[in-house]
Amino acid sequence: MLRIPLMPKATAVWLVDNTSLTFEQIAEFCGLHMLEVKGIADGDVAHGIKGMDPISSGQLSREEIADAEKDTSHRLKLSEPKVEMPEVKTKRGPRYTPVSRRQDRPNAILWLLKNHPEVKDSQIMRLVGTTKPTILAVRERSHWNSPNLVAQDPVTLGLCSQTDLDAEVKKAAARLERERKDSGIVEAPKAGTLMPTEESIATPPPPPEAPIATTLAKEAREAMHHEDEEDEPVPDAASVFAKLKDLKRNDTASE
């Protein structure tokens, strides 16, 4: 079983502020997503959470942190507990949302409906801790605060973890793929996609060669036309000037 420290987010806050560990090391040790740890470092996640020192609580040793800071591939390990606590199995109930975050749930619902329409309402209810009528009101724009709603990431709002969101999205994608295969529907190609580079820069194929009989007939016609042009007499300059003088003389006589 994967063991994580007590108060994982508070522990992650302390490790981000007081050590030079990588986001990946902290995320794996605390059981969080790497983007959550990055959000803690940027100040977007875990607002108001006070860091908890895992050394003073006996969950981590200074030597373990020093080894992990020297070697980024080293994975932190929890110190062995002095007292073995039995695992308590609790029934999973609806997600609890703090009072200060409850007004953000419609924004998170709108974000999920826009960016992940394949996710079922029951999955949104698990992620955000909301009810089906609220989801329906946001979808149909009949929510009382609908004009002021702004789509916001539920992970940024602190309503769910990135790990839970990724798991629900993968589950929804697998369900859609399974339903598509069962119904025999072939997914249509996406419109507006660019052609592959090989097709866009490829030289056009040469035109098909004309049949031999057509080529021979064309050559024969060109040869006959060339002979007719050679048979026509070429007028000389003296005859041309004589004709012009005759025309001029006839015009003078007629006047």
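First, some ground rules: the model is predicted, with residues numbered from 1 along each chain as its sequence is written, and local features need pLDDT of at least 70 while side-chain atom pairs count only at pLDDT 80 or more. Totals for chains, interfaces and linings use all residues, and side-chain values use heavy atoms, leaving out hydrogens and water.

**Overall picture**

You're looking at 12 helices and 0 strands. Helices here are DSSP runs of H or I with at least four residues, strands are E runs of at least two, and both are numbered from the N terminus. Of the 255 residues, 27% count as buried, that is, under 20% relative accessible area with a 1.4 Å probe and protein chains only (exposed is over 50%, partly exposed in between). Contact means heavy atoms within 4.5 Å. Among contacts between residues at least 6 apart in sequence, 65% join residues at least 24 apart.

Two packed helices are described by the angle between their axes and the distance between the axes. The axes are lines fitted to C-alpha atoms over the stretch in contact, and angles run from 0 to 180 degrees between N-to-C directions.

| Helix pair | Angle | Axis distance |
|---|---|---|
| α6 (residues 121-128) and α7 (residues 132-139) | about 110° | 10 Å |
| α5 (residues 105-115) and α7 | roughly 65° | within 10 Å |

So α6 and α7 are roughly perpendicular to each other, a label for angles of 65 to 115 degrees (under 35 is roughly parallel, over 145 roughly antiparallel, the rest oblique). On the α6 side you'll find Asp121, Ile124 and Met125, which meet Lys132, Ile135 and Arg139 in α7. That contact divides into 3 nonpolar, no polar and 3 charged residues. Nonpolar covers Ala, Val, Leu, Ile, Met, Phe, Trp, Tyr, Cys and Pro, charged covers Asp, Glu, Lys and Arg, and the others, Gly among them, are polar.

As for α5 and α7, Pro106, Ile109, Leu110 and Leu113 of α5 touch Thr134, Ile135, Val138 and Arg139 of α7. This contact splits into 6 nonpolar, 1 polar and 1 charged.

**Buried residues**

Cysteine 30 is buried at 1% relative accessible area, and cysteine 160 counts as buried at 5%. A search of the whole structure turns up 0 disulfides, meaning pairs of cysteine sulfur atoms within 2.5 Å.

Glutamine 162 sits in helix α9 (residues 162-183). Glutamine 162 is buried too, with a relative accessible area of 11%. Leaving aside residues up to four places away in sequence, glutamine 162 touches His33, Leu35, Glu36 and Val155.
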